[in-house]
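Here is a colleague's note for someone opening this entry for the first time. Please keep the sequence and the model side by side while reading.

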Amino acid sequence: MRRIYLDHAATTPTHSEVVKAMLPYYTDGFGNPSSIYSYGQEAKGAVEEARTKVAELIGARSEEIVFTSGGTEADNFALKGVAYANEHKGNHIITTSIEHHAVMEVGKFLEKRGLTITYLPVDEYGLLDPDDVKRAITDKTILISVIHANNEVGTLEPLEEIGEIAHEAEICFHSDAVQTVGHMPVNVDKLNVDLLSISGHKFYGPKGVGALYVRKGTELVSLMQGGEQEKRRRAGTENVPAIVGLGKAVELAGQEMAREAERLAGLRDKLIKGLMERIDHIRLNGHPKKRLPNNVNVSVDFVEGESMLLSLDLEGISASTGSACSSASLKPSHVLLALGLPPEQAHGSLRFSLGRENSEADIKRVLDILPSIVSRLREMSPLSKTQK
Amino acid sequence: MPDIWSQYNQKVMDHFKNPRNVGEIEKPDGVGHVGNPVCGDIMELYIKVKDDIIVDAKFRTFGCGAAIATSSMVTEMVKGKNLKEALKISNKAVAEALDGLPAVKMHCSVLAEKALKSAVEDYLSKFKKRRKRKSR
């Protein structure tokens, strides 16, 4: 059975050229970039080359890029780093109710330590109103953090406008851009951000590597002590092969993403249209237009997400759900609830996130298979008989 | 690479793929309705009782793979049992009959036990009422 992978928002397969670029740094190029002899300097050169590539992709200067272990560390670094650096200035952070856990949970962590966090609501499409940001600002606000594109429903937030508001008020502005960098143009000056989180494995790079863009002049306390690496902003010997891989992934994204985004948006729209035509009692989650080119998120009434995922997996199709039947809390996705979905619709959500190896045939296969899966599960469901 | 079904064992997957006793019983003697949409699990269990013996059981479930598998299993286990025996079926027994469930899914077996108990209790309360009417 041919397996069809439609969960690129979770992770992507590492590009073969990325792997090829990384391998020499596990063997001949094993040196420690902090060492002054040639082994070390070769490794250092490779790290700096990757740094330049990352900077170029987002319109930054290379000294403004700090490599991290991934998006989660970048988010932690941004929020805690700003909070610790501004203890004397203020204790208020503004964010949204649809952040990735890597921001939301850090917010909760800081709240327990005395900070005040405002989680702004979003509309039914997941859009944040920039005016709400403006109204939430107090003289104690030290940071605004808004996700660029939500990882579940794919809604693109109006960062430019929020960034302007932040700059006018002279408040540091962070964005988790893990779902957008490498998939669509991101320019730190255009978006008016001071801090931006990047993750390598979301765009065909390796896992365990990411970066935080730190605009020159931004005050940030390091989370890691114990070395001079990354200009004392992140101690620890650099993960050289992974950083090289990230650089290669960035380089490939720069070449391919414009064409690829257009192609994926076409497949995305075909999938959305096909699902709406073939399945009744289904709704699209997220914004119909302002969404990631590769994201499809739907709620199917009367059925639960995990049972749909299992059934799809039996047919070789990998997707994702906002249902939390397997989590300890049993609460469905906070993002879908923030969009105003009732719990049973949040439990019945399915996310397909497309990528470079997907074709029209894959979309057709989903459209052929899913309706029968849904009707089989609906026959079993006590909800369908009462509400149909 | 590890087995792709590391979450659910083969028996659970079998009951998920080919659930036994799906549907409703016309004029059931007892109905159990448990769970709620907030948690993402709703089970309805129907039983037919003859001379204290559960002669038929069917279910409808909104829920994950484990919820469907435990519903299926509990209907299998209860058929042919008398009411007293049926009330003794524990969530652990359902999970064991499925060769085990992942720890995070044990709540599904609890729901199956509750659905069964509530169906039997529904029958008993109706039965008592009927007896009262007869004795009058």
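This is a predicted model: local features need pLDDT of at least 70, side-chain atom pairs count only at pLDDT 80 or more; totals for chains, interfaces and linings use all residues.

1. The secondary structure of chain A consists of 12 helices and 12 strands. Its radius of gyration is 22 Å, close to the 21 Å that the globule rule gives for 388 residues, so chain A is as compact as a globular protein of that length.

2. Some further figures describe chain A overall. Along the principal axes, its C-alpha atoms fill a box of roughly 70 × 50 × 35 Å, and 53% of its 388 residues count as buried. Among the contacts in chain A with a separation of 6 or more, 72% are made by residues 24 or more positions apart.

3. The domain assignment divides chain A into domain 1, given as 4-10 + 257-378, and domain 2, given as 16-252. The centres of these two domains, taken over C-alpha atoms, are separated by 28 Å. Where they meet, 22 residues of domain 1 of chain A are in contact with 20 residues of domain 2 of chain A.

4. Which elements give two or more residues to the side of domain 1 of chain A that touches domain 2 of chain A? They are α7 (240-278), β10 (295-300) and α9 (334-338) of chain A, and the largest share, four residues, comes from α9(A). By class, this side of domain 1 has nine nonpolar, 10 polar and three charged residues.

5. Strand β8 of chain A, residues 210-214, is mostly covered, since five of its five residues are buried. A:Gly210, A:Leu212 and A:Val214 point one way from the strand, while A:Ala211 and A:Tyr213 point the other way, and all are buried. This can be read beside a general point: in a regular strand the side chains alternate between the two faces of the sheet.

6. The pairing of β8(A) may be followed through two partners. Strand β2 of chain A, residues 65-68, pairs with β8(A) in the antiparallel sense over four bridges, and A:Val66 has A:Leu212 as its bridge partner there. Strand β7 of chain A, residues 195-199, also pairs with β8(A) in the antiparallel sense, over five bridges, with A:Val214 as the bridge partner of A:Leu195.

7. Turning to the contact between the chains, 21 residues of chain A are in contact with 19 residues of chain B. On the side of chain A that touches chain B, the elements giving two or more residues are α8 (305-314), α10 (343-347), α11 (360-380) and α12 (382-387) of chain A. Of these, α8(A) gives the most, with four residues. The residues of this side divide into 12 nonpolar, five polar and four charged.

8. Is α8(A) largely enclosed or largely open? Eight of its 10 residues are buried, so α8(A) is largely enclosed by the rest of the structure; among the buried residues are A:Glu306, A:Met308 and A:Leu312. The helix is followed by A:Gly316, whose phi is positive, near 85°.

9. A:Ile369 lies in helix α11 of chain A and counts as partly exposed, because it has 17 C-beta neighbours inside 10 Å. Leaving aside its neighbours within four places in sequence, A:Ile369 is in contact with A:Leu312, A:Glu315 and A:Ile317. A:Ile369 and A:Ser311 are 58 residues apart in sequence, yet 9.5 Å apart in space, C-alpha to C-alpha.

10. In chain B, an open sheet of three strands has the order β1-β2-β3, with antiparallel pairing. Its edge strands are β1 (30-36) and β3 (53-62) of chain B, each of which pairs on one side only. Neighbouring strands are turned by 15° against each other on average, direction ignored. Helix α2 of chain B, residues 65-78, packs on this sheet and touches β2 and β3 of chain B, its direction making about 175° with that of β3(B).

11. The bridges of this sheet can be checked individually. Seven of them join β1(B) to β2(B), and nine join strand β2 of chain B, residues 41-50, to β3(B). B:Ile42 is the bridge partner of B:Gly35, and B:Phe62 is the bridge partner of B:Ile42 in β3(B). In the hairpin of β1(B) and β2(B), which has four residues between the strands, B:Gly40 takes a positive phi near 85°.

Definitions and conventions:
Residues are numbered from 1 along each chain as its sequence is written. Chains are lettered from A and ligands numbered from 1 in the order in which they are written. Two residues are in contact if their C-beta atoms, placed from the backbone, lie within 7 Å. Ala, Val, Leu, Ile, Met, Phe, Trp, Tyr, Cys and Pro count as nonpolar, Asp, Glu, Lys and Arg as charged, and the others, Gly among them, as polar. Two strands pair if DSSP finds at least two bridges between them. Axes are lines fitted to C-alpha atoms, for helices over the stretch in contact, and angles run from 0 to 180 degrees between N-to-C directions. A residue is buried if 20 or more other C-beta atoms lie within 10 Å of its own, exposed if 12 or fewer, and partly exposed in between; C-beta atoms are placed from the backbone. Domain bounds come from an automatic or database domain assignment. The radius of gyration is taken over C-alpha atoms; the globule rule is 2.2 Å times the number of residues to the power 0.38.
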